[in-house]
Amino acid sequence: QVQLVESGGGLVQAGGSLRLSCVASRRTFGSYGMGWFRQAPGEERELVAAISSTGGSIYYLHSVKGRFTISRDNAKNTMYLQMNSLSPEDTAVYYCAARVGPQEYAYWGQGTQVTVSS
């Protein structure tokens with residue numbers, strides 16, 4: 001069992017930046033691939049970015065490429081999502097999750113709200 005806690009969300013103007021953090025409860029954090037998801041009201045949850053256990057493999061949703069950067073520090077049991085050039089379309093609740101199998105995310109944080117005003 002891994003407990004995940006997100007932080008760093010908030011209200012920002014379009015064009016601004018936020019940095020999300022996801023802290024894991026266990027030192028086995030370094031053995032999990034991780035992902036950032038988001039869900040806007042009335043929309044399905046989507047995978048925004050993912051990173052392998054070592055950080056050597058990274059995926060980005062097309063719409064965030066060049067603006068968002070996912071990273072992790074296994075020594076601190078923490079994953080990050082640096083979000084730049086934010087737009088109102090990025091408004092959503094952002095969740096971090098730990099992957100236990102191919103496309104299978106079993107452990108989830110409680111979410112952090114990101115609101116981008118125009």
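Tutor: Phe37, Tyr105 and Trp108 form one aromatic cluster, in a model that is predicted, where local features need pLDDT of at least 70, side-chain atom pairs count only at pLDDT 80 or more, and totals for chains, interfaces and linings use all residues. Residues are numbered from 1 along each chain as its sequence is written, and side-chain values use heavy atoms, with hydrogens and water left out.

Student: Why is the pair of Tyr105 and Trp108 called tilted?

Tutor: Rings of Phe, Tyr and Trp (its six-membered ring) pair if their centres lie within 6.5 Å, and planes under 30 degrees apart count as stacked, over 60 as edge-to-face and the rest as tilted. The ring centres of Tyr105 and Trp108 are 6.4 Å apart and the planes stand at 55 degrees, so the pair is tilted. By this rule there are four aromatic pairs.

Student: What makes the pair of Tyr32 and Tyr107 edge-to-face?

Tutor: Here the centres of the rings of Tyr32 and Tyr107 are 6.1 Å apart and the planes meet at 85 degrees, so the pair is edge-to-face. Tyr32 lies in the loop between β3 and β4 (33-39) and Tyr107 in strand β10 (residues 104-108), so the pair ties together parts that are 75 residues apart in sequence. Strands (E, at least two residues) are DSSP runs, numbered from the N terminus.

Student: How do you know whether Tyr105 is buried or exposed?

Tutor: Buried means under 20% relative accessible area, exposed over 50%, and partly exposed in between (1.4 Å probe, protein chains only). Tyr105 has 14% relative accessibility and therefore counts as buried, whereas Trp108, with a relative accessible area of 27%, is partly exposed.

Student: How do you know that Cys22 and Cys96 are joined by a disulfide?

Tutor: A disulfide is a pair of cysteine sulfur atoms within 2.5 Å, and the sulfur atoms of Cys22 and Cys96 are 2.1 Å apart. The pair links distant parts of the chain, with Cys22 in strand β3 (residues 18-24) and Cys96 in strand β9 (residues 92-101), 74 residues apart. Cys22 is buried, because its relative accessible area is 0%, and Cys96 counts as buried at 0% relative accessibility.

Student: Why is Glu6 said to have no salt bridge?

Tutor: A salt bridge is a side-chain nitrogen of Lys or Arg within 4 Å of a carboxyl oxygen of Asp or Glu, and Lys and Arg count as positive and Asp and Glu as negative, while His and the chain ends are not counted. For Glu6, which is buried, the nearest side chain of opposite charge is Arg45, 9.5 Å away, and Glu6 has no salt bridge.

Student: What lies beside the side chain of Glu6, in terms of backbone nitrogens?

Tutor: A polar atom of the Glu6 side chain lies 2.8 Å from the backbone nitrogen of Cys96, and one lies 3.0 Å from the backbone nitrogen of Gln110. Glu6 itself is placed in strand β1 (residues 4-7).

Student: What makes the phi of Gln103 worth noting?

Tutor: Most residues other than glycine have a negative phi. Gln103, in the loop between β9 and β10, has a positive value near 60 degrees, and Gln103 is exposed, because its relative accessible area is 70%. Ser85, in the loop between β8 (78-83) and β9, also has a positive phi, near 50 degrees, and at 43% relative accessibility Ser85 counts as partly exposed.

Note on methods: Helix = DSSP H or I, 4+ residues; strand = E, 2+ residues; numbered from the N terminus. Polar contact = N/O pair within 3.5 Å; in protein donor to acceptor, adjacent residues only side chain to side chain.
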